[in-house]
Amino acid sequence: LRSTYMQYSLLLPLPLPLPPTSTSSSSDTKRTHATSTIMSHVSRLTVPSYKDELVPFRLLFGLDGDQIFPFLQIFLVGWLALMLLPRFKYTKHIVLTVVVSLAAVYTLMTISLLVLPPDGYKDETDFGSLGGIVTTFQDPNSVLIGWIHFLAFDLMVAWLITVDSIVNCGTSHLFHYIVMVPILVCTLFLGPLGFTVYAIVRMVFLNSSIDFGDSNGYRPIANGRQSSS
């Protein structure tokens, strides 16, 4: 009992009396009371698990976030294909399959929460203020949906800049592995920053700015110069 007291005494908000060492029945009662008091204080310090807030997504066969998360690791397949085999004829299909799969899961999860919420689930989504965003992402279900959003969009941006560097700028294999792979890693972890770094590299080293087309539609860029059509 004394070891239990010493283990938890530093965590308790109020000091507790040291349990007496007497072996009498009254002492036993006091020790029992002290033990129950210590354990009640410890239980109050227990942090609730995120698992308690997970809900089943009806459009995904009732699976919850923990059950869905392993499937999301397919995003690594798309990234490895872009980094290691950017010119492989099936890389485009691999990346788009991953993006579409993630987007489909994202869509079904969002509809499940907003349109078909489980009984007792309270939607507190609010993107109108910083406080609302913080509250929204205290919900582990919303956090997972937001994570899928990042996985899908970051991979799509990475695919676009990889294709642009090869098709429109005519970069070599060596340029891809030395320059583009670090940019892709940056895009994976810090999406907008990775895109910004690529735009700067394109303007400085490839002597070309990113072209989104004109009023006549998109015109491809070849070797750093806009082609005529």
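The largest nonpolar core of the chain holds 35 residues, and Leu-72, Leu-102 and Met-109 have the most contacts inside it. A nonpolar core here is a set of buried Ala, Val, Leu, Ile, Met, Phe, Trp, Tyr and Cys residues joined through side-chain atoms within 4.5 Å. Two or more residues come from each of helix H4 (75-84), helix H5 (91-114), helix H7 (140-168), helix H8 (173-189) and helix H9 (191-205). H7 gives the most, with nine residues.

This is a predicted model, in which local features need pLDDT of at least 70 and side-chain atom pairs count only at pLDDT 80 or more, while totals for chains, interfaces and linings use all residues. Residues are numbered from 1 along each chain as its sequence is written, and side-chain values use heavy atoms, with hydrogens and water left out.

The chain contains nine helices and two strands, in the order α-α-α-α-α-α-α-α-α-β-β along the sequence. Helices (H or I, at least four residues) and strands (E, at least two) are DSSP runs, numbered from the N terminus. Of the 229 residues in the chain, 34% are buried; buried means under 20% relative accessible area, exposed over 50%, and partly exposed in between (1.4 Å probe, protein chains only). Among contacts between residues at least 6 apart in sequence, 58% join residues at least 24 apart, a contact being heavy atoms within 4.5 Å.

### Helix pairs

Axes are lines fitted to C-alpha atoms, for helices over the stretch in contact, and angles run from 0 to 180 degrees between N-to-C directions.

| Pair | Angle | Axis distance |
|---|---|---|
| H4 and H5 | about 155° | 9 Å apart |
| H8 and H9 | roughly 150° | within 5 Å |
| H7 and H9 | roughly 10° | within 10 Å |

H4 and H5 pack at an angle of about 155°, which makes H4 roughly antiparallel to H5. Angles under 35 degrees count as roughly parallel, over 145 as roughly antiparallel, 65 to 115 as roughly perpendicular and the rest as oblique. H4 passes H5 in a left-handed crossing, a term for a near helix turned anticlockwise from the far one by less than a right angle (right-handed if clockwise). H4 contributes Phe-75, Val-77, Gly-78, Ala-81 and Leu-82 to the contact, and H5 contributes Thr-91, Ile-94, Val-95, Val-98 and Leu-102. By class, the contact of H4 with H5 has eight nonpolar, two polar and no charged residues. In this classification Ala, Val, Leu, Ile, Met, Phe, Trp, Tyr, Cys and Pro count as nonpolar, Asp, Glu, Lys and Arg as charged, and the others, Gly among them, as polar.

The axes of H8 and H9 cross at roughly 150°, and the two helices are therefore roughly antiparallel to each other. On the H8 side the contact is made by Phe-175, Val-179, Met-180, Ile-183, Cys-186, Thr-187 and Phe-189, and on the H9 side by Gly-191, Leu-193, Gly-194, Phe-195, Val-197, Tyr-198 and Val-201. Eleven of these residues are nonpolar, three are polar and none is charged.

For H7 and H9, the axes cross at roughly 10°, so these helices are roughly parallel to each other. Asp-154, Val-157, Ile-161, Asp-164, Ser-165 and Asn-168 of H7 meet Gly-191, Phe-195, Tyr-198 and Arg-202 of H9. The residues of this contact divide into four nonpolar, three polar and three charged.

### Individual residues

Ser-165, in helix H7, is buried, with a relative accessible area of 0%. Leaving aside its neighbours within four places in sequence, Ser-165 is in contact with Gly-170, Thr-171, Met-180 and Tyr-198.

Gly-191 belongs to helix H9 and counts as buried at 11% relative accessibility. Gly-191 touches Asp-154 and Cys-186, not counting residues up to four places away in sequence. Gly-191 and Ala-158 lie 33 residues apart in sequence and 8.5 Å apart in space, C-alpha to C-alpha.

Lys-92 lies in helix H5 and is partly exposed, at 44% relative accessibility. From Lys-92 to Val-163 the C-alpha to C-alpha separation is 9.2 Å, with the two residues 71 apart in sequence.

Phe-61 is located in the loop between helix H2 (25-44) and helix H3 (65-68). Phe-61 is exposed, with a relative accessible area of 79%, and its phi is near 60°, a positive value in a residue other than glycine.
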